Amino acid sequence: MIKDNQKYFNRMHVVLDGIIILVSYLLAYYIRLESGLFPQKEEGMRMREYMLMISIIVPYYLVLYAIFHLYTPKRVQGRRLELSNIVKANTVGLMIFIVGLYILRLMEFSRQMMFIFYIINIFLETLERNFIRMVLRSFRKRGFNLKHILLVGYSRAAEGYIDRINANPQWGYIVRGILDDEVEAGTIYKGVKVLGCIDNLNIILPENKLDEIAITLGISQYARLEEVVNMCEKSGVHTKFIPDYNHIIPTKPYTEDLLGLPVINIRYVPLSNTVNMVMKRIVDLIGSLVALVIFSPVMLITAIAVKCTSPGPIFYSQERVGLHNRPFKMYKFRSMREAEVKNGWTTKNDPRVTGVGRFIRKTSIDELPQLYNVLRGDMSLVGPRPERPFYVEKFREEIPRYMVKHQVRPGMTGWAQINGYRGDTSIRKRIDYDLYYIENWTIGLDFKILFLTFFKGFINKNAY
């Protein structure tokens, strides 16, 4: 029944998308060629020819939407990912279409109209899909379009899955229970009960009341994995596997096919790819040069203020650990009366911090000399914050996966910092955010972090 509903929903979605594409095209035609807002050329395609192009535009964009996964169930695609896919599909569609116009020498076809169509279509598609989400959420709250799931295996993976389902009722998932050989029947986790042992699958599956089975066996039970998979596949119920080792492998595992043998890399680091590395370095060089020009008046005023308010050098350098565990000298504006920095973080009302120093630390102005570190290649504009060797040696023993952060260049700002983990905050949480950044890096994520730094990253309430 669920599969039939999904097919019907997909057909309806395709029809709605077709209508949106058609409306966007007609609106773009009216705005560019009929509204009088734009000057008209004497020669151009006639209305009839523009209307004939609809028979190409609509199916062309529907195919692109399918290629960019815009017809996957809303349960497994978040709003941001869907918006990103809409923009990607329309951008690729526009580029290919314009290239096609040049190849076919259709010079009289309005390129401006297609740019207007591009903007309108993205806007209306986003509105349509958010409206559909609201309708689906309303249906699921009333008990319609739900998926009934059974978990096989009580483990951290099972608990994590239940936590996420409880936190996202709009997904429409109902966990009917758990089967496990090592946990007593009747045990309850957040409203979900252990119903019995795994062999009870042979009784439950023939009843055909389930939409999905999620295999959430603990690592100690993996010997039964093949047997459980065989039982599930015989029933024809859709089955998925949620591994209990997600604390070991990354969120997006990097897999390889070794002549038919699947290989999962323990850590996927996109910046180990040469193209990604070069692209990021180019952004660092251009960005640091531009930032030096923009912030040069602020840096000059700060240098004068530091020099005039306390004796000592304007800058100070401190050894930090960077890419591939290599030490480097990181530069800052001096914010303390003493030139030496002890092996310890500054504390609230630290007597070593000057009045000017307190202000530039609070506003992160003291970090601006690190733009020189970025130019030199010691650091990046975005990345995990570097730490002193003393703390690196301490944390590498205390915090699992701490050293993974040194597989990329350290940054002036980072994913952890814009999420509030700066100064005297949880190191473990900070590392979690750093690892997410390392494993999910894209140039777009870097730009997002730089943008959010202006709103969240400069003022630091934990800076003393």
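**Aromatic pairs, nonpolar cores and a cavity**

Tyr391 is buried, as is Phe395 (buried: under 20% relative accessible area, 1.4 Å probe, protein chains only). The model is predicted, with local features requiring pLDDT of at least 70 and side-chain atom pairs pLDDT 80 or more, while totals for chains, interfaces and linings use all residues. Residues are numbered from 1 along each chain as its sequence is written, and side-chain values use heavy atoms, without hydrogens and water.

Aromatic pairs were taken as rings of Phe, Tyr and Trp (its six-membered ring) with centres within 6.5 Å, stacked if the planes are under 30 degrees apart, edge-to-face if over 60 and tilted otherwise. By this rule there are 15 aromatic pairs. Tyr60 and Tyr61 form an edge-to-face pair, at 5.1 Å centre to centre and 80 degrees between the planes. Tyr61 counts as buried because its relative accessibility is 1%. The pair of Tyr391 and Phe395 is stacked, because the ring centres are 5.8 Å apart and the planes lie at 20 degrees. One aromatic cluster consists of Tyr25, Tyr60, Tyr61, Tyr65 and Phe117.

A nonpolar core is a set of buried Ala, Val, Leu, Ile, Met, Phe, Trp, Tyr and Cys residues joined through side-chain atoms within 4.5 Å. The largest such core has 38 residues, of which Tyr437 and Ile449 touch the most other members. A second, separate core has 32 residues, among them Val58, Leu62, Leu64 and Ile116.

The largest cavity is lined by residues including Phe395, Tyr402 and Asp434; a cavity is a set of points on a 1 Å grid over the protein atoms alone where a 1.4 Å probe fits but cannot get out, and lining residues have an atom within 4 Å of a point.

Notes. On a 1 Å grid over the protein atoms alone, a cavity is a set of points where a 1.4 Å probe fits but cannot get out, and a pocket is an open set with protein on both sides within 12 Å along at least five of seven lines; lining residues have an atom within 4 Å of a point. Buried means under 20% relative accessible area, exposed over 50%, partly exposed in between (1.4 Å probe, protein chains only).
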